[in-house]
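Thank you for sending this model for comment. The points below are set out in the order in which I would read them beside the coordinates.

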Amino acid sequence: MKTLRDIPVGGRAKVVKVHGEGALRRRIMDMGITKGTEIFVKKVAPFGDPVEVTVRGYELSLRKDDADIIEME
């Protein structure tokens, strides 16, 4: 399974599924990260946390733990 964390800087991929449960999954989906959404990885901090992405025309920073539950194609 490839996750958002595996996408290199400058790469684009589509969301296959948001794993996880409860409030965490709902929070990720409320940010616009849903099945079929294209995500562009803009940059990654030196130690890999956070990851800055562009989703639906806005920029978003995600912790690497959150990026691990987003399955990409």
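1. Is Arg-63 exposed, partly exposed or buried? Arg-63 counts as partly exposed, because its relative accessibility is 47%, where buried means under 20% relative accessible area, exposed over 50%, and partly exposed in between, with a 1.4 Å probe and protein chains only.

2. On the basis of the values: this is a predicted model, in which local features need pLDDT of at least 70 and side-chain atom pairs count only at pLDDT 80 or more, while totals for chains, interfaces and linings use all residues. Residues are numbered from 1 along each chain as its sequence is written, and side-chain values use heavy atoms, with hydrogens and water left out.

3. On the charged pairs in general: side chains of opposite charge can pair when their charged atoms come close. The structure holds 6 salt bridges, a salt bridge being a side-chain nitrogen of Lys or Arg within 4 Å of a carboxyl oxygen of Asp or Glu.

4. One of the salt bridges is formed by Arg-63 with Asp-66, and the closest N and O atoms of this pair are 3.1 Å apart. Asp-66 is found in helix α2, where helices (H or I, at least four residues) and strands (E, at least two) are DSSP runs numbered from the N terminus. With a relative accessible area of 3%, Asp-66 is buried.

5. What does Asp-66 touch, not counting residues up to four places away in sequence? The residues are Leu-24, Arg-27 and Ile-28, with contact meaning heavy atoms within 4.5 Å. The side chains of Asp-66 and Arg-27 are also joined by a polar contact of 3.1 Å; a polar contact is a pair of N or O atoms within 3.5 Å, where within protein one must be able to donate a hydrogen and the other to accept it, and residues adjacent in sequence count only if both atoms are side-chain atoms.

6. A salt bridge also brings together the side chains of Arg-5 and Asp-68, at 2.8 Å from N to O. This pair links distant parts of the chain, 63 residues apart, since Arg-5 lies in the loop between β1 (2-3) and β2 (12-18) and Asp-68 in the loop between α2 (64-67) and β6 (70-72). Both partners fall in the intermediate class of accessibility: Arg-5 is partly exposed at 41%, and Asp-68 is partly exposed at 30%.

7. Arg-12 and Glu-38 form a salt bridge in which the closest N and O atoms are 3.3 Å apart. Here too distant parts of the chain are linked, with Arg-12 in strand β2 and Glu-38 in strand β3 (residues 38-44), 26 residues apart. Arg-12 is exposed, at a relative accessible area of 55%, whereas Glu-38 is partly exposed at 40%.

8. Leaving aside neighbours within four places in sequence, Glu-38 is in contact with Arg-12, Ala-13, Lys-14, Thr-54 and Val-55. For Glu-38 and Thr-54, the separation is 16 residues in sequence and 8.7 Å in space, from C-alpha to C-alpha.

9. On the sheet: 6 strands make up an open sheet in the order β1-β6-β2-β3-β4-β5, with antiparallel pairing, and two strands pair if DSSP finds at least two bridges between them. β1 and β5 (58-62) stand at the edges with a single partner strand each, so one side of each is left without a neighbour in the sheet.

10. Within this sheet, β2 and β3 pair in the antiparallel sense over 3 bridges, and Ala-13 stands opposite Ile-39 in β3. Strand β3 is in turn joined by 5 bridges to strand β4 (residues 51-55), again running antiparallel. Ile-39 stands opposite Val-55 in β4, and Val-41 stands opposite Val-53 in β4.

11. Two backbone angles deserve a look. β3 and β4 form a hairpin with 6 residues between them, and Gly-48 in the turn has a positive phi of about 85°. Most residues other than glycine have a negative phi. Arg-56, a residue other than glycine, has a positive phi near 50°. Arg-56 lies in the loop between β4 and β5, and counts as exposed at 54% relative accessibility.
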